Amino acid sequence: MKILGIDQSYTSSGVVLLEDGELVKGHKFAANKESNRFAQAYEIALHLAEFVDEHEPDIIAIEGLAFGMRGNVTRDLGGLQFVIISHLQEVKNRDVEIVAPTSVKKFATGSGRAKKNEMIDNLPEPVYNYFTELGLKKSTGLADMADAYWIAKTAEANSKEG
């Protein structure tokens, strides 16, 4: 079974593909900073759709919104999530599972209030090594990739329960 985990962001989206529970591919990407939010969201949705076409995951999971954020961040990310999901569902005819951030954190660390460092610290050593071999650091996307990994693992566990 292939599971795609997506940690969406305009500045550093993390994407992880698991096959039979093992990490097979991961990468991060960002939208063109010069574009407006609408063009950025569409660019990200197209990128993810290409990834889906290439790897044909059985499950696509995306992190839900954290409503504790302030300012326009929640609205912007809500718009991004809407564009991604609507594109994958309506254009690619693929269902997308939304995984609550607290359930991802709880699955990864045992606490629904875990911090980014804890998510990274709980990665299996081979996964952590794979991400750092990609050149990722805590300040350059490692946390996004860790989130994407744990989103995929949470979706995997949910699929076994349901």
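Modeller: Helix H3 (residues 101-109) and helix H6 (residues 142-161) pack with their axes 9 Å apart, at an angle of about 90°. This is a predicted model, in which local features need pLDDT of at least 70, side-chain atom pairs count only at pLDDT 80 or more, and totals for chains, interfaces and linings use all residues. Residues are numbered from 1 along each chain as its sequence is written, and side-chain values use heavy atoms, with hydrogens and water left out.

Biologist: Why is H3 called roughly perpendicular to H6?

Modeller: Angles of 65 to 115 degrees count as roughly perpendicular (under 35 is roughly parallel, over 145 roughly antiparallel, and the rest oblique); the angle between H3 and H6 is about 90°, so H3 is roughly perpendicular to H6.

Biologist: Which residues of H3 meet H6?

Modeller: Ser 103, Val 104, Phe 107 and Ala 108 in H3 meet residues of H6, among them Trp 150 and Lys 153, where contact means heavy atoms within 4.5 Å.

Biologist: What makes Val 104 buried?

Modeller: Buried means under 20% relative accessible area (exposed is over 50%, partly exposed in between, with a 1.4 Å probe and protein chains only); Val 104 has 1%, and is therefore buried. Not counting residues up to four places away in sequence, Val 104 touches Val 99, Met 119, Asp 147, Trp 150, Ile 151 and Thr 154.

Biologist: How do you know that strands E2 and E3 pair?

Modeller: Two strands pair if DSSP finds at least two bridges between them, and E2 (residues 13-19) and E3 (residues 22-29) have seven, in the antiparallel sense. The bridge partner of Val 15 in E3 is His 27.

Methods. Helix = DSSP H or I, 4+ residues; strand = E, 2+ residues; numbered from the N terminus. Axes fitted to C-alpha atoms, helices over the stretch in contact; angles between N-to-C directions.
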